[in-house]
Amino acid sequence: MAEGDLVVERALAAGCVPVMALADAARPPAVALRLAADVPVFAGGEQLRAHVTQLGVPNTIIALFERPARATVEGLAATARRLVLVEAVDNPANVGAIVRNAAGLGWDGLVLDGTSADPLARRSLRVSMGHAVSLPHARTRDVPGAVSTLAAHGFVVVALTPDAGAVDIGSVAPAERLVVCLGAERVGLSDHVLVAATVRARIPMHAGVDSLNVAAATAIACHALGPR
């Protein structure tokens with residue numbers, strides 16, 4: 001479900017196949033006319049659209065699309081240079097922000113474990129500003145296997161952790177191919193990811209503060225470790 005004209009336009013630009021849409025009857029956005037050439041576009045006032053979408057302030061257009069094919073870990077390993085791997089990040093807003101950060105800072109894709117939120121869930125997609133339809137993502141139930149696959153393809157595996165024994169993220173050596181791994185905010189990465197990592201890195205924090213929100217940490221990591 002794509003909410004808002006910008007997200008709908010990005011879904012179309014990414015080649016997603018529309019099914020139907022609901023638009024503002026009084027002020028339909030231009031993209032509604034594009035959709036109307038191929039699929040049903042319904043129209044309604046603010047109250048109707050709020051009722052249908054369960055949003056207090058409904059967007060001028062909401063469109064349903066067929067779900068695009070998902071990438072595979074092997075496919076990303078073969079083609080990408082910079083990847084983000086998230087483990088147990090179950091908040092859709094965080095996943096959406098991670099996608100937006102990765103896309104905005106030039107990273108190539110996302111790998112999620114089986115418990116992390118769906119990047120194409122309506123809230124994730126909305127928070128990502130539609131970038132979740134164009135940033136390739138893969139899902140895996142075997143995180144150690146995914147890490148091994150990426151390492152076998154030449155990826156340096158950087159595990160982000162607040163552990164005082166980890167190196168400063170600014171001192172991580174540049175690499176041609178790199179994956180940064182982030183975990184849930186309370187428990188962090190699992191032991192098998194920490195053990196498998198090439199390097200454990202931390203973001204220096206002010207005394208008394210141990211960590212950042214995972215989306216904010218992703219933005220810093222993508223900037224610090226991004227392609228040069």
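Which strands does helix H7 (residues 143–152) lie across? The views below come from a predicted model, in which local features need pLDDT of at least 70 and side-chain atom pairs count only at pLDDT 80 or more, while totals for chains, interfaces and linings use all residues. Residues are numbered from 1 along each chain as its sequence is written, and side-chain values use heavy atoms, without hydrogens and water.

**View A. Helices on the sheet.** Helix H7 lies across E5, E6 (109–113), E7, E8 (156–160) and E10, at about 165 degrees to E5. Helix H9 (residues 214–225) touches E5, E8 and E10, and its direction makes about 165 degrees with that of E10. Helices (H or I, at least four residues) and strands (E, at least two) are DSSP runs, numbered from the N terminus. Contact means heavy atoms within 4.5 Å; axes are lines fitted to C-alpha atoms, for helices over the stretch in contact, with angles from 0 to 180 degrees between N-to-C directions.

**View B. Strand order.** Seven strands form an open sheet, E7-E6-E5-E10-E8-E11-E9, with parallel pairing (at least two DSSP bridges between two strands). E7 (137–140) and E9 (167–168) are at the edges with a single partner strand each, so one side of each has no neighbour in the sheet.

**View C. Strands E5 and E10.** E5 (residues 82–87) pairs with E10 (residues 178–183) in the parallel sense over six bridges. Arg82 stands opposite Leu178 in E10.

**View D. Residues from E10, E11 and H9.** E10, E11 (199–202) and H9 each supply at least two residues to the lining of the largest pocket (a pocket is an open set of points on a 1 Å grid over the protein atoms alone, where a 1.4 Å probe fits, with protein on both sides within 12 Å along at least five of seven lines; lining residues have an atom within 4 Å of a point). E10 gives the largest share, three residues.
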